[in-house]
Amino acid sequence: MSWLQALVLGLVQGLTEFLPISSSAHVRIVSTLFFGNDAGASFTAVIQLGTELAVLIYFARDIGNFIAAWFKGLFSAAARKTEDYRMAWYVIIGSIPISVLGYAFKDEIRSSLRNLWITATVLVLFGLLLGLADQIAKHARDRLQLKDAVGMGLAQALALIPGVSRSGGTLTAGLFLGLDRAAAARYSFLLALPAVFGAGIFSIPDVLDRSEPNAASVPQMIVATVVAFAVGYATIAWLLRYVSKHSYSAFVWYRLLLGIMLMGLLSMGLINPT
């Protein structure tokens, strides 16, 4: 991997991780279109550590409150009645589907599911679902319930397929369940932490395997992760402001156009789907 590729992919990861347009699809597409190769699922998982570190810092106070409330709730009935205690459990419960399925299908995630035909198809399909959810949702609630944690957790698991978008899937589910845009986005950010940190740490040995033809060096991986962190932190703040005043229609149209364009490039044989 060249230094330019590492820097560009770190930037792409930071810009797209929290937008409902699929960061893994963008890293996959940009790497293939402009550098002629797939950076790989393991490299993508590791640089996602940068964007999740941005979430950890941005929501540090909230996360600290959740952890403290969860431990207090082990011994205190009063603590178990707090919103922070429930939110801690909602993050744990919502993280179970992607953890189980990610482990069960880890080989497929790194191989067959990275086919660009699949990426193009789900970009369009889940773009349409997001648009539908945004139009018909009631946006009535700003407090999560157990059904939201389960539904959005199952939706997050679908993001194991590049193109679905972890944030896009969870936001779509949250909107269908009746959450307002800001509440769905906030939980989407928090829900990503356990799964993405776990996947990233688990994938570090694979990235360090220098037998891969396009393997990143340790300095390249570190720099790409740092770039993803810096850009991702700014993106969180921007997106939370944006969704409080706007619909997701711009992202829906972007997904549709990108998916159709990718299908065209694949049909003409201009890029290799595998």
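Trainee: Is the crossing of α1 and α11 left-handed or right-handed?
Mentor: Keep in mind that this is a predicted model. Helix α1 covers residues 3-16 and helix α11 covers residues 218-243, and their axes come within 7 Å. As for the hand of the crossing of α1 and α11, it's right-handed.

Trainee: And how do α1 and α11 run relative to each other, roughly parallel or roughly antiparallel?
Mentor: Look at the angle: the two axes, α1 and α11, cross at roughly 25°. Angles under 35 degrees count as roughly parallel, and over 145 as roughly antiparallel. So α1 and α11 are roughly parallel.

Trainee: How many charged residues are in the contact of α1 with α11?
Mentor: On the α1 side you've got W3, A6, L7, G10, L11, Q13, G14 and L15. They meet P219, Q220, V223, A224, V227, A228, V231, G232 and T235 of α11. Sort the residues of this contact by class and you get 11 nonpolar and six polar, while the number of charged ones is no charged residues.

Trainee: Moving on, how is α4 oriented to α5, roughly parallel or roughly perpendicular?
Mentor: Helix α4 is residues 60-73, and its axis comes within 8 Å of the α5 axis. The two cross at roughly 100°. Since 65 to 115 degrees is the range for that label, α4 and α5 are roughly perpendicular.

Trainee: What does the contact of α4 with α5 look like by class, and how many of its residues are charged?
Mentor: From α4 come N65, F66, A69, W70 and G73, and from α5 come D84, Y85, M87, A88, W89 and I92. Eight of the residues in this contact are nonpolar and two are polar. The charged count is one.

Trainee: Is I98 buried or exposed?
Mentor: I98 is found in helix α5, residues 83-104. Leaving out residues up to four places away in sequence, I98 touches Q156, A157, L160 and A195. Its relative accessible area is 12%, and the cut-off is under 20%, so I98 is buried.

Trainee: How far apart in space are I98 and F71?
Mentor: In sequence, I98 and F71 are 27 residues apart. In space, going C-alpha to C-alpha, the distance is 24 Å.

Trainee: What is the end-to-end C-alpha distance for residues 117-137?
Mentor: The unreviewed UniProt entry annotates "transmembrane region" over several spans, including 40-60 and 117-137. Residues 40-60 are 90% helix and 0% strand, with end C-alpha atoms 30 Å apart. Residues 117-137 are 95% helix and 0% strand, and their end C-alpha atoms are apart by 30 Å.

Definitions and conventions:
Residues are numbered from 1 along each chain as its sequence is written. This is a predicted model: local features need pLDDT of at least 70, side-chain atom pairs count only at pLDDT 80 or more; totals for chains, interfaces and linings use all residues. Side-chain values use heavy atoms; hydrogens and water are left out. UniProt positions are given in the numbering used here, feature names are shortened, and annotations may be inferred rather than shown by experiment. Helices (H or I, at least four residues) and strands (E, at least two) are DSSP runs, numbered from the N terminus. Axes are lines fitted to C-alpha atoms, for helices over the stretch in contact, and angles run from 0 to 180 degrees between N-to-C directions. A crossing is left-handed if the near helix is turned anticlockwise from the far one by less than a right angle, and right-handed if clockwise. Contact means heavy atoms within 4.5 Å. Ala, Val, Leu, Ile, Met, Phe, Trp, Tyr, Cys and Pro count as nonpolar, Asp, Glu, Lys and Arg as charged, and the others, Gly among them, as polar. Buried means under 20% relative accessible area, exposed over 50%, partly exposed in between (1.4 Å probe, protein chains only).
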